[in-house]
Amino acid sequence: VICPTHGLLPFEPETPQWFAWLAKQDSFRFVGKAGHFTAHHWWRVPTGAWRAHRHLRNHSYNLRLAPTQELTMALLEQAAAALQAHLQ
């Protein structure tokens, strides 16, 4: 995990430290094997779900992700692939 202000963070994804860090964030950028997007914490949902956002070819695409405690690398990779599919 790389933070733009703190650099390389001393924990791995899907650990208690990962979920605690996510709970404090309003947004983050995900760069995976299948694509990339910006994730925003959506506070309108009582549990605080996350949404993926990517702007492609003058169109904005949004995808609902999951609450913080369910935000795994597999889910993030799947979302990146789904948003990347809009390029094809």
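**Exercise 1.** State which residues are buried in H1, and why they lie on the same side of H1.

*Solution.* Step 1. Buried means under 20% relative accessible area (1.4 Å probe, protein chains only). In H1, a helix (DSSP run of H or I, at least four residues), the buried residues are Trp18, Trp21 and Leu22.

Step 2. Around the axis these residues cover an arc (from the directions of the helix axis to the C-beta atoms) of only 100°, which puts them on the same side of H1. An α-helix has 3.6 residues a turn, so residues three or four places apart point the same way.

Step 3. Their packing partners are E3, strand E5 (49-56) and H2, with contact meaning heavy atoms within 4.5 Å. Strands are DSSP runs of E, at least two residues.

The model is predicted: local features need pLDDT of at least 70, side-chain atom pairs count only at pLDDT 80 or more, and totals for chains, interfaces and linings use all residues. Residues are numbered from 1 along each chain as its sequence is written, and side-chain values use heavy atoms, without hydrogens and water.

**Exercise 2.** Find which element gives the most to the lining of the largest pocket.

*Solution.* Step 1. Strand E1 (2-3), helix H1 (16-23), strand E3 (27-31) and helix H2 (73-84) each supply at least two lining residues.

Step 2. E3 gives the most, with five residues.

**Exercise 3.** Find which elements have the lowest and the highest mean pLDDT.

*Solution.* Step 1. pLDDT is the predictor's confidence in each residue, from 0 to 100. The protein has a mean of 88, and 95% of its residues reach 70 or more.

Step 2. E1 has the lowest mean (80) and H2 the highest (94).

How values were computed. Buried < 20%, exposed > 50% of the residue type's maximum accessible area, 1.4 Å probe, protein only.
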